[in-house]
Structure formats: structure tokens, C-alpha cells
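Here's a quick briefing on the model shown below, grouped by topic.

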Amino acid sequence: TRYLARLRAQSEASPDPDLDLMLDLAAAHDRLAAVQAGFAKANRGDSADAEASIAEAERIRDVLVELIPDDSRLWLGIAMGAEQRGRVEQAKGNFEEALTHGERGLEAVTRSDQLGAGDGELDTVRVALLTLMGDIEHRLGQASDSAVIASDHLRVAIGHFEAATDVVEAGNMVAGEVGLLGADLLARRARSTTEIARWVIRDIQRGGGDDRAGDGPDLDDADRIAREGLALVSASVAAYAVLREDDASARDALRGMITTLREESLAWETLGRIAAQRGEDGGFAGDEAFATSQEAYEFAQVLASDETDLDAQRLLGVMMNSVGNALRVKGRLDEAELLYDELIPLCRGIVATDPTTRYSRDLAIAVLKRAQIDEVRARTLEGEEAVAFYEAAEVRYAEAGAIFEALAAEGIPMEREINEIVRVIERVRAAAAAIGG
């Protein structure tokens with residue numbers, strides 16, 4: 001970074017600055033940011049350094065806008081920088097700001113296109129920006145308290161992913177990118193589709209209170225939507241299986257396979273919930289979900305063998321949590337406890353390396369799930385043994401709550417999580433007091 005700073009200072013000090021060099025310097029800062037805190041490749045996990053690199057690229061381009069406003073390369077760079085900035089804001093939980101950067105990036109793509117930039121490069125950036133905006137809309141849907149608002153966000157997300165897919169299929173991109181992007185976008189569409197089905201179930205369980213027409217989606221709709229998600233994710237898994245045969249894309253395909261298998265597990269889990277809501281036996285779906293999670297966990301262990309890849313470590317943690325959840329539901333508490341006792345130190349190590357929102361939230365969720373195991377155990381015991389487990393659960397719930405509160409202090413929406421922690425702490429305290437009394 002000192003070398004880049006020296007080159008920038010030399011260029012700007014010149015009465016006739018080298019504009020091509022300045023463009024290259026901005027692009028170099030983008031690449032440095034991707035190494036420092038990339039979102040798809042192995043990275044160092046230095047989010048603060050990545051932000052500084054992105055800010056420097058933005059500063060250089062702000063100067064260039066005044067000097068060469070009609071250069072297509074400049075606007076292409078602005079679009080690429082906007083996607084990087086959007087991902088950083090996403091990681092911090094600033095979703096509306098991330099969306100704004102996505103929109104600005106698409107405007108810059110249009111400007112670059114008007115000025116004659118090549119289709120291949122433009123399309124790559126356009127797909128990245130549409131994917132960013134789809135991811136943000138999906139997250140906003142997940143975080144909503146209203147089934148109607150959630151479904152609206154999720155359908156917008158699917159629209160962005162479909163638009164990105166159209167760009168990929170238009171055939172102007174670098175050949176090596178097409179297969180991976182196509183499989184990835186299928187998985188993202190599946191994820192948002194399945195989430196809509198899950199919201200339908202939640203809304204039914206609530207009594208459909210916030211449906212606009214009063215005659216909202218029913219379980220048949222949820223089943224149909226969940227199966228649409230399952231079909232999409234199955235197509236993505238098949239695509240990644242083919243891509244893993246290519247040495248050049250094998251690691252990226254493995255990464256994609258893991259996340260896609262996780263989505264398949266969620267789709268099966270959703271079908272199981274629908275069956276249960278109907279009063280039917282959903283065991284078949286639960287078995288499929290568990291087997292799929294285990295397969296993804298095994299793949300994640302392979303990917304995480306590279307300890308320098310922070311994203312792979314997080315993905316391993318995600319799959320450990322998924323398998324741990326399934327073990328807990330099956331009543332295999334000893335196995336679940338061992339898994340979470342491995343997961344929590346993993347999450348602590350990731351947060352120590354990069355204390356961004358998503359990593360801190362992962363740690364809080366892992367601690368929360370471990371507390372739930374203590375609470376379940378306490379209910380099966382009596383006397384002092386039960387009290388000891390309730391007290392252990394309270395300590396862990398309090399730790400998770402402290403993390404959520406710290407995130408809330410940074411402006412991250414955490415009200416629902418904090419309220420839930422307060423409720424469960426009151427519950428375990430009351431349970432322990434009832435035994436002690």
C-alpha cells in the first residue's frame with residue numbers, strides 16, 4: 001500500500017498527471033481490497049484495510065471524473081468500486097446503504113456502456129451488482145417482521161437474480177465465468193424462493209394477520225413454492241458437480257456446492273415443516289435435510305483445510321451449525337454438544353481476525369444454540385443438576401445477548417434478537433428458581 005501511495009503522490013504532484021496511471025492505481029486499490037476482504041475467494045479478513053483501499057480508489061476516481069468524464073474505463077472502474085463498497089456495507093449490516101451503492105454502480109455501468117466499453121467486462125460487473133442487490137433484498141426479507149413485506153423483498157431479490165442470469169446467458173462474458181455464475185445464480189434464486197415458502201408457513205401459524213386481501217397463501221402454495229426452490233437447487237447442485245471436474249474451477253465449484261447443498265437442506269426442512277403443519281409425517285424430509293447437511297459439512301471440511309481462507313472457515317462454521325441443529329432436533333444432544341463446542345472456538349477465531357457484523361452474528365448464534373442444549377438438558381434433570389444446567393444456559397444466553405447488543409450499538413437492527421434473549425433468560429431464571437424454591 002505504501003508503494004501505491006507513493007505512485008499516487010508522484011502522479012498528482014506532476015503538472016501533467018498520468019491519467020492512465022491514475023486509472024491503474026484506482027484499479028489496483030480495488031484488487032487490494034478484494035484480497036483484504038473479498039466475498040467469494042480466499043482472503044485475509046482485513047475489513048478495515050479493505051475499506052481504506054476502497055476509499056482511496058474512490059478518491060482517485062473523484063479526481064478523474066473532473067479530468068476525463070467521458071472515459072468509459074473510468075465509469076467501469078466506478079461501477080466495480082461501487083460493488084466492492086456495497087459488499088463492505090453489506091458485511092457491516094448497512095443494507096440500505098449497500099443497495100444505494102448497487103444502484104449507483106448500475107448507473108455507472110450504463111454510462112460506461114454509452115461511452116463504448118466492451119460488453120464482456122461490463123456484463124461481469126453488471127452481474128456482480130445485480131447479485132449484490134439480490135443478496136441485500138433477500139437479507140431484508142429475512143429480517144422483516146411482516147410476511148407481506150418479506151415476500152415483496154424476496155420477489156425483488158429473485159428478479160435481480162433472474163436479470164443477472166439473463167446477462168450471463170446472453171453470451172458476452174468470459175467463458176470460464178459463465179458456468180460458475182449460472183450455477184451460483186440458480187442457488188440464489190432457490191434460496192429466496194424457499195424463504196418465501198418459509199414465510200408462508202410463518203404467516204399461517206400467525207393466523208395470516210398481515211395478509212392484504214385476507215385470503216393469503218395456504219399450505220398448498222407453500223408446498224408448491226418450496227418444491228420450485230428444490231428444483232432450482234437440484235439444478236444448481238448438478239451444475240456444480242460438472243464444474244468440479246474442471247481443475248481450473250474446482251475450488252470455486254466446491255465452495256458453491258457447499259452453499260447449494262445447504263440450500264437444498266433448507267428446502268427439505270421446509271417441506272418437512274409443511275407436512276407437520278398438515279398433520280402428516282414429515283420424517284422423510286427431515287432425513288433428506290440431515291443427509292444433505294452432512295454431505296455439505298464433509299465438503300466444507302475439505303475446503304477449510306486452507307486455514308488462510310477466512311470465507312471457507314466461516315462456511316465450515318455455517319455447516320457445523322446446520323448439522324448441530326439437525327442433531328439437536330433429533331435428540332442427539334451429546335453429538336450436537338460436541339459439535340457446538342468445536343464451533344464456538346472456530347467462530348471466536350474468525351471474529352478475532354475480522355470482527356465484522358456477519359462473523360460476530362455467527363458467534364452469537366453458535367453460543368445461543370449451545371445455550372439451548374443446556375436448557376434442554378436441564379428439563380430432563382432434577383434438583384441441583386437441573387439448576388446447574390439452567391445457570392450454564394443463562395450464562396451463554398447472556399453472552400449471545402451481549403454480542404447482539406454490541407451490534408445494535410453499531411446501528412445494526414437487532415431488536416428482535418435482543419428481545420428474544422431477554423425472554424429466554426427470564427424463562428431459565430424462573431425455571432431454576434422454581435427448583436431452588
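**Confidence first**

Helix α1 (residues 2–13) has the lowest mean pLDDT among the protein's elements, at 55, while α15 has the highest, at 96. Keep in mind that this is a predicted model. Across the protein the pLDDT averages 87, and 89% of the residues score at least 70.

**Spots to treat with care**

- Residues 39–45 stay under 50 in pLDDT, and the model gives them 30 contacts beyond four places in sequence.
- Residues 209–214 are also below 50, with 11 contacts in the model beyond near neighbours in sequence.

**The nonpolar cores**

- The largest nonpolar core has 62 residues, and Ile-258, Tyr-397 and Phe-404 have the most contacts inside it.
- Another core lies apart from that one; it has 24 residues, among them Leu-186, Ile-196, Val-200 and Trp-268.
- As background, nonpolar side chains in soluble globular proteins tend to be buried together.

- Phe-404 sits in helix α15, which runs over residues 383–409.
- Is Phe-404 buried or exposed? With a relative accessible area of 1%, Phe-404 is buried, because the cut-off for that label is under 20%.
- Leu-363 is 41 residues from Phe-404 in sequence, yet their C-alpha atoms are 10.0 Å apart in space.
- Tyr-397 has contacts of its own beyond four places in sequence, including Leu-368, Ala-371, Gln-372 and Glu-375. Ile-421, Val-424, Ile-425, Arg-427 and Val-428 are also in contact with Tyr-397.

**Thr-270**

- Thr-270 belongs to helix α10 (residues 250–277).
- Thr-270 counts as buried because its relative accessibility is 0%.
- Which residues does Thr-270 contact, leaving aside its neighbours within four places in sequence? They are Thr-194, Ala-197, Arg-198, Ile-201 and Ala-226.

**Helix α7: a geometry check**

- Helix α7 covers residues 147–169, so its 23 residues should span 33 Å at 1.5 Å a residue. The end C-alpha atoms are 32 Å apart, which agrees.

Note on methods
Residues numbered from 1 in each chain as written. Predicted model: local features only at pLDDT ≥ 70, side-chain atom pairs only at ≥ 80, totals over all residues. Heavy atoms only, no water. Helix = DSSP H or I, 4+ residues; strand = E, 2+ residues; numbered from the N terminus. Buried < 20%, exposed > 50% of the residue type's maximum accessible area, 1.4 Å probe, protein only. Contact = heavy atoms within 4.5 Å. pLDDT = per-residue confidence, 0-100. Core = buried A, V, L, I, M, F, W, Y, C linked by side-chain atoms within 4.5 Å. Expected span 1.5 Å × (residues − 1).
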